[in-house]
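Subject: Structure handover

Hello,

Here is the structure you asked for.

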Amino acid sequence: AIEGSIPLAKDGRYCVVAEEGHTEITMADLVKKLAPDAAAVLALGTCAAYGGIPAAKGSVTEAMGTGALLKQAGIKTPVVNIPGCPPQPDWIVGTIALALQKIKEKGLEAGLAEVVSLLDSEGRPLPFYGRNVHENCPYLGKYDEGKFSATFTEKDGCRYDLGCKGPSTYNNCPKALFNETNWPVRAGHPCIGCSEPNFWDDLSPFYQN
């Protein structure tokens, strides 16, 4: 399980995680050492999955996501992306439980193959990322009515005019919530598409009026 993006600039020294024999061990070194022996790799959070904010245009760290690093290194261990900033806890626990269930039923290789078959084109498990946020938003009716919030304090309308990226985002935030109580849109904040690859560049600006 990996959390955080993996920087490569300066020989990876933007993230030194350990030292052995007076030699620095970078995050990139450690991932490339451990991943080949893993049955699968879980990339937890958008940074681990796709590089996140540290990989945005202008970054000097050359940060990247786990899958990109393994591909660059020629490591074929399957990667399951669980993006979100932060990821919903049930997405993590649910994915692990699903993998363990499939492995118990079909064995390690066949079980993991079935889990991989459930991933979308961005490497995300469809049971948690197969639904469009906009189409499942509790304010969808307001959108259809053409009732849009003009300010962040006006919570009764759709947030689309304030910059909501729900139509471009896939996850089950509207249903699962966080801590089963709330999620940003219900609290008055527009969705920023944080579970999407390159959301920091492709979906910005996050706010508009």
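Which helices each supply at least two residues of the lining of the second largest pocket? They are helix 4 (89–106) and helix 5 (108–117). Helices (H or I, at least four residues) and strands (E, at least two) are DSSP runs, numbered from the N terminus.

Before the rest, two notes on the source. This is a predicted model, in which local features need pLDDT of at least 70 and side-chain atom pairs count only at pLDDT 80 or more, while totals for chains, interfaces and linings use all residues. Residues are numbered from 1 along each chain as its sequence is written, and side-chain values use heavy atoms, with hydrogens and water left out.

Pockets and cavity

The terms first. On a 1 Å grid over the protein atoms alone, a cavity is a set of points where a 1.4 Å probe fits but cannot get out; a pocket is an open set with protein on both sides within 12 Å along at least five of seven lines; and lining residues have an atom within 4 Å of a point. Grid points are joined across faces, edges and corners, and a volume is the space filled by probe spheres set on the points. For residue classes, Ala, Val, Leu, Ile, Met, Phe, Trp, Tyr, Cys and Pro count as nonpolar, Asp, Glu, Lys and Arg as charged, and the others, Gly among them, as polar.

The second largest pocket holds about 170 Å³ of space. Helix 4 gives the most to its lining, with five residues. The lining includes Ala-39, Val-80, Thr-95, Ile-103 and Leu-112, and by class it has 10 nonpolar, one polar and no charged residues.

The largest pocket has a volume of about 210 Å³. Of the 16 residues that line it, Cys-85, Pro-184, Cys-191, Ile-192 and Cys-194 lie nearest its centre. The lining divides into 11 nonpolar, five polar and no charged residues.

There is one cavity of 30 Å³ or more. The largest cavity has a volume of about 90 Å³ and is lined by 15 residues, with His-134, Cys-137, Cys-158, Arg-159 and Cys-164 nearest its centre.

Helix contacts

The axes of helix 4 and helix 5 come within 7 Å and cross at roughly 140° (axes are lines fitted to C-alpha atoms, for helices over the stretch in contact, and angles run from 0 to 180 degrees between N-to-C directions). The two helices are therefore oblique to each other (under 35 degrees counts as roughly parallel, over 145 as roughly antiparallel, 65 to 115 as roughly perpendicular and the rest as oblique). Among the residues that make the contact are Leu-98 and Ile-103 of helix 4 and Leu-108 and Val-115 of helix 5; contact means heavy atoms within 4.5 Å. By class, this contact of helix 4 with helix 5 has seven nonpolar, one polar and three charged residues.

Helix 1 (residues 27–34) and helix 3 (residues 66–73) have axes that come within 11 Å and cross at roughly 70°. Helix 1 and helix 3 are therefore roughly perpendicular to each other. Ala-28, Val-31 and Lys-32 of helix 1 meet Leu-69, Leu-70 and Ala-73 of helix 3.

Ile-53 lies in the loop between helix 2 (46–50) and strand 6 (63–64). Leaving aside neighbours within four places in sequence, Ile-53 is in contact with Cys-47, Phe-199 and Trp-200.

Regards
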